[in-house]
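This report describes selected features of one structure, from the contact between its chains to individual backbone angles. The sequence and the coordinates are shown first.

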Amino acid sequence: MDLTEAPEREAFRAEVRDWLAANVPAEPLPSLDTADGFAAHRDWERRMYDAGYAVVTWPERYGGRGADLLDWLTFEEEYWAAGGPVRVSQNGIFLLAPAMFEVATEAQLDRFMVPMARADEVWAQGWSEPDAGSDLAALRSRADRDESAGGWRLNGQKTWSTRGAFADWMFGLFRTDPESSRHHGLTYLLLPLDADGVTVRPIRQLDGEPGFAEVFFDDVFVPDDQVLGEVGQGWSVAMSTTTSERGLTLRSPGRFLAAADRLLDLTRRTPGASARVVDDAVDAWFDAEAYRLYVLDTALRALDGQQIGAESSANKLFWSDLDVRIHDAALRLLGPAATLTEGSDAAWLDGYLFSLAGPIYAGTNEIQRNVVAERVLGLPRG
Amino acid sequence: MTTMRLQPDEDALAFSVAVRDLLSQACDAPALRAAWDGRDGRIPGLWKRLAEMGVTGLVVPEKYDGAGLDLTGMVPVFAEAGRAALPEPLVETATAAALLTQAGGPTADEWLPRIAAGDAVVALGDGSPALVTGGQWADLFLIGAGSGVRVLTRDDANVEPAPSIDPGVGLARVTATDGAGRVIDGADGAAAFDWACVAVAAELVGLAQAMLDRSVAYAKVREQFGKPIGSFQAVKHQLADVFVATSFAVPVVHRAAWSVARAAPTRSRDASHAKHAAGRAAAQAARTALQVHGGIGYTYENDLHMWLKRTWSLTSQWGSTDWHKDRAARLLLTDEER
């Protein structure tokens, strides 16, 4: 066992810390779910990109620095400890990009990656449909072959599309084989949300802001060069994305460590805090630390060439529950100030609202428990 | 390439597999049941076999015929001891070896070779009288005394077996004879306590994994309503939750072992975190195992009860799960350092 941090990594940590200290906006940016806030978050991403911090693990030719997973974990710890803004490009750089690097053509990588990293093109997700939520394979939005035009015509509807209200592009799954069912005959498509026939209807979330949208397709044309991977192989391409979503890349430990540290600070400066909340705050810190160690161990084993698989479901169960508990404890410490939407502590309420979505998105926690029980423990399907 | 590693070393892992193989035969369910119903709760001859394999000398320095490993190298063996519900004073004797190694002197010279050879069993306690695990079996007692540790031979102490629902931990009430024994100044009892807490945490993780494995195996074969009960989500989700709790306790235990071995400033906080996380996971595994087994799990005939009771022993000893939470809370909330 050896937990000594390498000198190069310490140097990288110091460099990142210095840059963030000099560049993270002193005042929080306006909400990502408003037009102004969206624009401000795009500007921030460009600043990160220009400094070489937007996508540290990507190859240099796409704006990254070829950093390994440990550097990425280090970067994330520093980013969230410094109070860095939420990443508006998150759907693209953390969910779509891993699938792109897996199956995209050279031409697709050259076309899409740099604008994605600079947040010139912000990506929305196109998974859920009104009748396909937890049961994602029940999706019905169709893509019909248009041989003469060399592409596909989309009809149908997606919903709960995160960032959909302001995003520029969408990635999603569509049924290209009308005779198919379930996981078969689906294809992974990329399309601009300003294409003819696309209607975006923002949906106000729990906080009242349009954080996601429903998106309607009326004979929308998608050319062949916007198919990601093989036609009919969309499910397996998408699963490579959801694996990263649940696993390492969507929710880095740095986020929760920073929140848990702030929670302990809040505990220290709350006179007469109930012993029950203090207990829950310590639990939350314990679990944030456990999450850090678990992900570190996973990353080290991955670097060692070991296969990392269904652990990602266990991961998602752990962090989504942890995030709710961190913010729940904070609101209990705040007492009557808990529901204020302005002022220095309002970030806790924002964080709480956001955390409540965690056990629902990226596959509900009920689905994740089924996955753990069936694929890890080997229990029979129901 | 990084040399960082949060897993125990390959050699230590390989050794623990050999220990698992030995225990799967020498400490199988019939042997355990016989020990529980027997005279002193132990498995005859097993301690000597463990010594011959090198288990009792794992953390004894090489000059005393040990392997000279630190806690990180022994953690996987403790996990195997927990998995097997081993009724032997492994944590106690190994902790004593670590403590005597740190303290040095004539007591170390005398006892460390005997520990490595499997000729001596040591128990640890604090104060007098003390409720001591392994006390029924010990040849030597190391009792916390102020800034040092008091060394008592069996003749220096009054040892009264304490009836426990878990006869496999050899619980005894140990009272020092007035003025008996000698005090080793500079023996770091606090460090030894943290050492033991992490060792017990590793055992608890092993217990949790064993109870999860048993429950999963049972849920696959036990049928109700015409199908295996493991196909019902109400059962699946409970077992998935145990898997999650156990999986996330493992790296916490490994990191605590590192902190103890390196005498890190966060040593006590990390040891408490480990004991708490492992204790909580094992308690959850035990409750779930009993529930999944249903009526048969509530019997003395089924083997499960020995793992349940070991869990109750170890979550209560060496500072309860709650005690460790409180200690960590004090360290965390008064100390700005993460």
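Two strands are taken to pair if DSSP finds at least two bridges between them. The model discussed here is predicted.

**Sheets of chain B**

Under that criterion, strand S4 (residues 148-153) and S7 of chain B are joined by four bridges and run antiparallel. One of the partners can be named: Gly148(B) is bridged to Asp185(B) in S7(B). Both strands belong to an open sheet of four strands in chain B, ordered S1-S3-S4-S7, with mixed pairing. Its edges are formed by strand S1 (122-126) and strand S7 (182-185) of chain B; each has a single partner strand, so one side of each is left without a neighbour in the sheet. From one strand to the next, the twist averages 25°.

A further open sheet of chain B consists of three strands in the order S2-S6-S5, and its pairing is antiparallel. Neighbouring strands are turned by 30° against each other on average, direction ignored. S2(B) is connected to strand S6 (residues 172-176) of chain B by three bridges, the two strands running antiparallel. Within S6(B), Ala172(B) is the residue opposite Val132(B).

**Helices of chain B**

| Helix | Residues | Length | Span, first to last C-alpha | Expected span |
|---|---|---|---|---|
| H7(B) | 189-221 | 33 residues | 48 Å | 48 Å |
| H11(B) | 321-334 | 14 residues | 20 Å | 20 Å |

H7(B) is mostly covered, with 25 of its 33 residues buried. In H11(B), the buried residues are His324(B), Lys325(B), Ala328(B), Ala329(B) and Leu332(B). Their directions cover an arc of only 140° around the axis, and they therefore lie on the same side of H11(B). The buried residues of H11(B) pack against helix H9 (267-293) of chain B and also against H7 and H8 of chain A.

**Contact between the chains**

Between the two chains, 35 residues of chain A are in contact with 39 residues of chain B. On the side of chain A that touches chain B, the elements giving two or more residues are helix H7 (253-268), helix H8 (275-303), helix H9 (311-334) and helix H11 (365-376) of chain A. H8(A) provides the largest share, 13 residues. By class, this side of chain A comprises 24 nonpolar, three polar and eight charged residues.

**Backbone features**

Most residues other than glycine have a negative phi, and most peptide bonds are trans.

The peptide bond between Ser128(B) and Pro129(B) is cis, with omega about 0°. Pro129(B) is located in the loop between S1 and S2 of chain B.

Ala85(B), a residue other than glycine, has a positive phi near 50°. It sits in the loop between helix H4 (71-83) and helix H5 (90-103) of chain B. A residue is buried if 20 or more other C-beta atoms lie within 10 Å of its own; Ala85(B) has 27 and is therefore buried.

Trp318(B), likewise not a glycine, has a positive phi of about 60°. Its position is in the loop between helix H10 (304-316) and H11 of chain B. Trp318(B) counts as buried because 25 C-beta neighbours are inside 10 Å.

Note on methods:
Residues are numbered from 1 along each chain as its sequence is written. Chains are lettered from A and ligands numbered from 1 in the order in which they are written. This is a predicted model: local features need pLDDT of at least 70, side-chain atom pairs count only at pLDDT 80 or more; totals for chains, interfaces and linings use all residues. The expected span of a helix is 1.5 Å times one less than its number of residues. A residue is buried if 20 or more other C-beta atoms lie within 10 Å of its own, exposed if 12 or fewer, and partly exposed in between; C-beta atoms are placed from the backbone. Two residues are in contact if their C-beta atoms, placed from the backbone, lie within 7 Å. Ala, Val, Leu, Ile, Met, Phe, Trp, Tyr, Cys and Pro count as nonpolar, Asp, Glu, Lys and Arg as charged, and the others, Gly among them, as polar. Axes are lines fitted to C-alpha atoms, for helices over the stretch in contact, and angles run from 0 to 180 degrees between N-to-C directions. The arc is that of the directions from the helix axis to the C-beta atoms.
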